[in-house]
Amino acid sequence: MMCRPFCASGAGNPIISAHRSPFPGFEWDEVWFGYQGFTSEEDFLRSHGFFGSGRCYIVVVQDVRGQYKSDGTFYTFRHEGQDGYDTIEWLLKNVDDHNGRVGQWGISYPGFYTSCGMIDAHPALKASSPQAP
């Protein structure tokens, strides 16, 4: 999991922005990001709209259950909603200086995870952007 605050001056406490993925490479990996055309973490986050918005974000990228650095066993289409809820609960309790609001986003399979997180959503979930789920 990667957590980093990216804040505009005077933006206040950050919103948590969560992205859950079964795919490798979402920790900083020069080979993967270079392949995707990104030259730095900042470049990746800028391309996804986390700069220039006038808001402050804690960006979280998580390997889903059983994938890469995450414990457990990976089962397709089995735990997406509950695991998303549990992720938000954990973030709210363990990440400092957030504003209590969470957004989630994903494209393709991660978009499916985002859609599942909207069903029986955590009360702190305020926005979801499932793209091409």
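**Figure 1. Lys69, an exposed residue in a loop**. Lys69 has a relative accessibility of 65%, so Lys69 counts as exposed. Exposed means over 50% relative accessible area, buried means under 20%, and partly exposed lies in between (1.4 Å probe, protein chains only). Lys69 sits in the loop between strand 3 and helix 3. Helices (H or I, at least four residues) and strands (E, at least two) are DSSP runs, numbered from the N terminus. Along the sequence, Lys69 and Pro24 are 45 residues apart. In space, their C-alpha atoms are 9.2 Å apart. The model shown is predicted: local features need pLDDT of at least 70, side-chain atom pairs count only at pLDDT 80 or more, and totals for chains, interfaces and linings use all residues. Residues are numbered from 1 along each chain as its sequence is written, and side-chain values use heavy atoms, with hydrogens and water left out.

**Figure 2. Confidence along the protein**. pLDDT is the predictor's confidence in each residue, from 0 to 100. The protein averages 79. A score of at least 70 is reached by 68% of the residues. Helix 3 has the highest confidence, at a mean of 94. Helix 1 (residues 30–35) has the lowest, at a mean of 46. Over residues 30–35, pLDDT stays under 50. For this stretch the model has 9 contacts beyond four places in sequence. Contact means heavy atoms within 4.5 Å. Where pLDDT is low, the predicted coordinates should not be read in detail.

**Figure 3. The largest nonpolar core**. A nonpolar core is a set of buried Ala, Val, Leu, Ile, Met, Phe, Trp, Tyr and Cys residues joined through side-chain atoms within 4.5 Å. Here the largest one has 9 residues. They are Ile16, Ile58, Val60, Ile88, Leu91, Val95, Val102, Ala124 and Leu125. Strand 3 (56–63) supplies at least two residues of this core, and so does helix 3 (80–94).

**Figure 4. Aromatic pairs around Tyr109**. A pair of aromatic rings is described by the distance of the centres and the angle of the planes. Rings of Phe, Tyr and Trp (its six-membered ring) pair if their centres lie within 6.5 Å. Planes under 30 degrees apart count as stacked, over 60 as edge-to-face and the rest as tilted. The count comes to 5 aromatic pairs. Phe77 and Tyr109 have ring centres 5.6 Å apart and planes at 25°, so they are stacked. Phe77 lies in the loop between strand 3 and helix 3, and Tyr109 in helix 4 (residues 109–117), so the pair ties together parts 32 residues apart in sequence. Tyr109 and Tyr113 are also stacked, with centres 5.0 Å apart and planes at 10°. These two tyrosines are 4 residues apart in helix 4, about one helical turn. Both Tyr109 and Tyr113 are buried. Phe77 is exposed, at 56% relative accessible area. Ring pairs link Phe23, Phe77, Tyr109, Phe112 and Tyr113 into a cluster.

**Figure 5. His19, a buried residue in strand 2**. Strand 2 spans residues 15–21. His19 counts as buried, at 4% relative accessibility. The His19 side chain reaches the backbone oxygen of Trp105 at 3.0 Å.

**Figure 6. Pro130 in strand 5**. Strand 5 covers residues 125–131. Pro130 is partly exposed, with a relative accessible area of 29%. Leaving aside neighbours within four places in sequence, Pro130 is in contact with Gly106, Gly111, Thr114, Ser115 and Met118. The C-alpha atoms of Pro130 and Tyr109 are separated by 9.3 Å. Along the chain, these two residues are 21 residues apart.

How values were computed. A polar contact is a pair of N or O atoms within 3.5 Å; within protein, one must be able to donate a hydrogen and the other to accept it, and residues adjacent in sequence count only if both atoms are side-chain atoms.
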